[in-house]
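Please work through each task before reading its solution.

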Amino acid sequence: GELTIHGVKKPATLEMTYNGVSKGMMGETRAGFSATTKINRKDFGIVWNKTLDAGGLVIGDDVDIAIEIEAVKDVLEETPKAK
């Protein structure tokens, strides 16, 4: 897909992990997913930085992005319909 930050659009690939399915406390079906990627902030025009008095920089160039998703199936879809 594409990721837009600071008005700059770049292609981004997320590594996705399926974490499994379980039943919630109310019997609903829940599925978990994780997604990660790494970007360089300068690729998106974010270039500010400052040198520390002791040397080194305040901000690194690489940014790790991590997304945790918990999806819940619509309970109405799981309820058997009366005949």
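**Exercise 1.** Identify the bridge partner of methionine 16 in strand 4, and describe the pairing to which it belongs.

*Solution.* Step 1: methionine 16 has alanine 35 as its bridge partner in strand 4. Step 2: strand 3 (residues 15-23) and strand 4 (residues 29-40) run antiparallel and are joined by eight bridges. Two strands count as paired if DSSP finds at least two bridges between them; strands are DSSP runs (E, at least two residues), numbered from the N terminus. Step 3: the two strands form a hairpin with five residues between them, and glycine 27 in the turn has a positive phi of about 90°.

This is a predicted model, in which local features need pLDDT of at least 70, side-chain atom pairs count only at pLDDT 80 or more, and totals for chains, interfaces and linings use all residues. Residues are numbered from 1 along each chain as its sequence is written, and side-chain values use heavy atoms, without hydrogens and water.

**Exercise 2.** Determine which residues of strand 5 stand opposite alanine 35 and glycine 32.

*Solution.* Step 1: strand 4 pairs with strand 5 (residues 62-72) in the antiparallel sense, over eleven bridges. Step 2: isoleucine 67 stands opposite alanine 35. Step 3: glutamate 70 is the bridge partner of glycine 32.

**Exercise 3.** State the strand order of the sheet and explain why one side of strand 3 and of strand 5 lacks a neighbour.

*Solution.* Step 1: the open sheet has three strands in the order 3-4-5, with antiparallel pairing. Step 2: strand 3 and strand 5 stand at the edges with a single partner strand each, so one side of each has no neighbour in the sheet.

How values were computed
Helices (H or I, at least four residues) and strands (E, at least two) are DSSP runs, numbered from the N terminus.
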